[in-house]
Amino acid sequence: MRIDIITVLPELLRSPFEASILKRAQDKGLVSVHIHNLRDFTDDSYKQVDDYQFGGGAGMVLMIEPIDRCISKLKAERDYDEVIYMTPDGATLDQKTANSLSLLKNIIILCGHYKGVDQRVRDSLITREISIGDYVLSGGELGAAVLADTIIRLLPGVLNDETSALTDTFQDNLLAPPVYTRPRDYKGLEVPPVLLSGNFPEIEKWREEKAMERTKEKRPDLLK
Ligand code: ADE
């Protein structure tokens, strides 16, 4: 899979892809992430990519030309399945969306900034708009990092234990059950005995019960 991210703040986006699972996935060749600085796509001597909005009002708006140039250059090089715009008024990201996006080959993610982008970008260049939640970030970069992370960890071979994404919270509309590790007894706080029993059918049953209990308690909306 290939992910191209377009931003005015490339430095804000680099570090998440330079550590841990996201770095390993790239090193293994399972995904390539390319970060493009929107300012590289303007002829303006001040590298200006935003301007005041027509009609007046506070806040700068990202202009269509540099965005069009960047997206057109990428599209001339390969086909893209989706051109996603990160915006608080997009469809809220959930596990189902991440699962379906992880099946795609090439995607572009455009990060909004300031007051957003010229509406003509959204009308003519964007195929999908995604929000990471009902709150406003100072730009789409952190949202793009969240989106890319949820997608990349689902790619086959990225997680060491291939089945482990399948047992994630949300994968079957249930929260994941509690997990424990050494020591068995920490200052009187004990690990549930069933997990030490070696009886795997019993352990599986316990985990299913706990997943259901936890979902009922914390996220009953998932069960509807
Ligand atoms: N840009 C600003 N707020 C955002 C949000 N909640 N999700 C995605 N992109 C954003």
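The legends below describe close-up views of a predicted model. Local features need pLDDT of at least 70 and side-chain atom pairs pLDDT 80 or more, while totals for chains, interfaces and linings use all residues. Residues are numbered from 1 along each chain as its sequence is written, and side-chain values use heavy atoms, without hydrogens and water.

**View 1. The largest nonpolar core has 29 residues.** Such a core is a set of buried Ala, Val, Leu, Ile, Met, Phe, Trp, Tyr and Cys residues joined through side-chain atoms within 4.5 Å; buried means under 20% relative accessible area, with a 1.4 Å probe and protein chains only. Ile3, Phe17 and Ile152 are among the residues with the most contacts inside this core. Helix α6 (141-152) is one of the elements giving two or more residues to it, and α6 contributes the largest share, 6 residues. Helices (H or I, at least four residues) and strands (E, at least two) are DSSP runs, numbered from the N terminus.

**View 2. Isoleucine 152 has contacts beyond its neighbours within four places in sequence.** These partners, with heavy atoms within 4.5 Å, include Leu22, Val33 and Val158.

**View 3. Residues of the protein surround the ligand.** Among them are Met86, Ile130 and Gly140. Strand β5 gives the most to this shell, with 3 residues. By class, the shell has 7 nonpolar, 5 polar and no charged residues.

Conventions: Buried < 20%, exposed > 50% of the residue type's maximum accessible area, 1.4 Å probe, protein only. Near = heavy atom within 4 Å. Nonpolar A, V, L, I, M, F, W, Y, C, P; charged D, E, K, R; others polar.
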